[in-house]
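User: I have a model open and want to go through it with you. Can you start with the strand pairing?

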Amino acid sequence: MKKSGIDLSLYKEEQMKRRIISFYQKYGASGFSDASRMMENDPEMYKFFVEHITINVTEFYRSPEQWKQLRNSIIPELILDTKKVNCWSAACSSGEEPYSLSMVFAYNFPGIQVSILATDLDSAILDQAQLAIYPQNVLRRLPLMLREGYLLPQGMEWKVASQIREQVEFRKHNLLSDPFGSDHDLILCRNVMIYFTEEAKHQIYARFSASLREGGFLFVGGTEQINNPGRYALEAVGSFFYRKKRTPGGTNEGNPRING
Ligand SMILES: C[S@@+](CC[C@H](N)C(=O)[O-])C[C@H]1O[C@@H](n2cnc3c(N)ncnc32)[C@H](O)[C@@H]1O
């Protein structure tokens, strides 16, 4: 799909076909070329198409058990090395994931400075994320103290408090083609790898590993365990977290990063 820069061949074929077919049937198009023609003249339809194939479903504190492990063991280990934590929420959708992370830090680790880069392929969803206004139903898994502490009523909906929003910077980014940053302490990439081919996943894991500092963590989705993480210099810590291995005499071994 030239217009959006999305390379559909790197997504699982059958799954993608089903989503494309269900989309054009919904619009009464006879096939994909017919739907493409319709989208040339209909920006709204095009916007829905991108949303439909990229699957934006998310919520605050999705899979609470995994967040508990993050709070109770992963972050405490991370902050042994640094008091300034550099995080990346990749494929963040409408922002619930990076805002949950910001809340976890603010509530549980108030002395720690955190910066969260939150990226997604879909610019419309990033606009929504920046608004930071959410309906009640996406808050149901968020622990009460976080809900009470960091969400303010706005009509029938809820707005994320400025102290939480300030820690998060949103940016458009395609995991399949854009450069990855470096020196991340924690990368969250959840519930998107399932849509990619094995080859695409392999490339992305290798690049995540390269962009983590030694001893940093990758946090994956519930059904996204990595086969043979050692080939990416990662080691499993439970089912949803992978630690970047420290090389003997490497930058972090026995030499914590002191930057705040
Ligand atoms: C199901 S949501 C996951 C949101 C959140 N991480 C979570 O676990 O709740 C998947 C997101 O992946 C994004 N996405 C799909 N392909 C992508 C790509 N190639 N690069 C970056 N983001 C992508 C979609 O736009 C969508 O917002």
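Analyst: Pro153 has Trp158 of β5 as its bridge partner. Strands here are DSSP runs of E of at least two residues, helices are runs of H or I of at least four, and both are numbered from the N terminus. Two strands pair if DSSP finds at least two bridges between them.

User: What are the ground rules for this model?

Analyst: The model is predicted: local features need pLDDT of at least 70, side-chain atom pairs count only at pLDDT 80 or more, and totals for chains, interfaces and linings use all residues. Residues are numbered from 1 along each chain as its sequence is written, and side-chain values use heavy atoms, with hydrogens and water left out.

User: Back to the strands. How many bridges join β4 to β5?

Analyst: Four, and the two strands run antiparallel, with β5 covering residues 157-160. Gln154 stands opposite Glu157 in β5. The two strands make a hairpin with two residues between them, and Gly155 in the turn has a positive phi of about 60°.

User: Which strands form the open sheet, and in what order?

Analyst: Three strands, in the order β3-β5-β4, with antiparallel pairing. β3 (133-134) and β4 (151-154) are at the edges with a single partner strand each, so one side of each has no neighbour in the sheet.

User: What about β9 and β10?

Analyst: β9 (residues 234-237) pairs with β10 (residues 241-244) over four bridges, in the antiparallel sense. Leu234 has Lys244 in β10 as its bridge partner. Three residues lie between the strands of this hairpin, where Gly238 takes a positive phi near 70°.

User: Switching topic. Where are the domain bounds?

Analyst: Domain 1 is 8-54 and domain 2 is 64-244; the bounds come from an automatic or database domain assignment. Their centres, taken over C-alpha atoms, are separated by 29 Å.

User: How many residues are in contact, and what area do the domains bury?

Analyst: Nine residues of domain 1 contact ten of domain 2, where contact means heavy atoms within 4.5 Å. The two bury about 920 Å² between them, 62% of it on carbon and sulfur atoms. Buried area is the accessible area (1.4 Å probe) that two parts lose on being put together, summed over both. Leu10, Tyr11 and Lys12 supply 58% of the area that domain 1 buries against domain 2, more than any other three residues.

User: Which helix gives the most on the domain 1 side?

Analyst: Helix α3 (residues 43-54), with four residues.

User: How many salt bridges are there between the domains, and how many in the structure?

Analyst: Zero between domain 1 and domain 2, and 14 in the structure. A salt bridge is a side-chain nitrogen of Lys or Arg within 4 Å of a carboxyl oxygen of Asp or Glu. One of them joins the side chains of Glu14 and Lys17, at 3.6 Å from N to O.

User: How far apart are Glu14 and Lys17 in helix α1?

Analyst: They are three residues apart in helix α1 (residues 13-26), which means a separation of about one helical turn.
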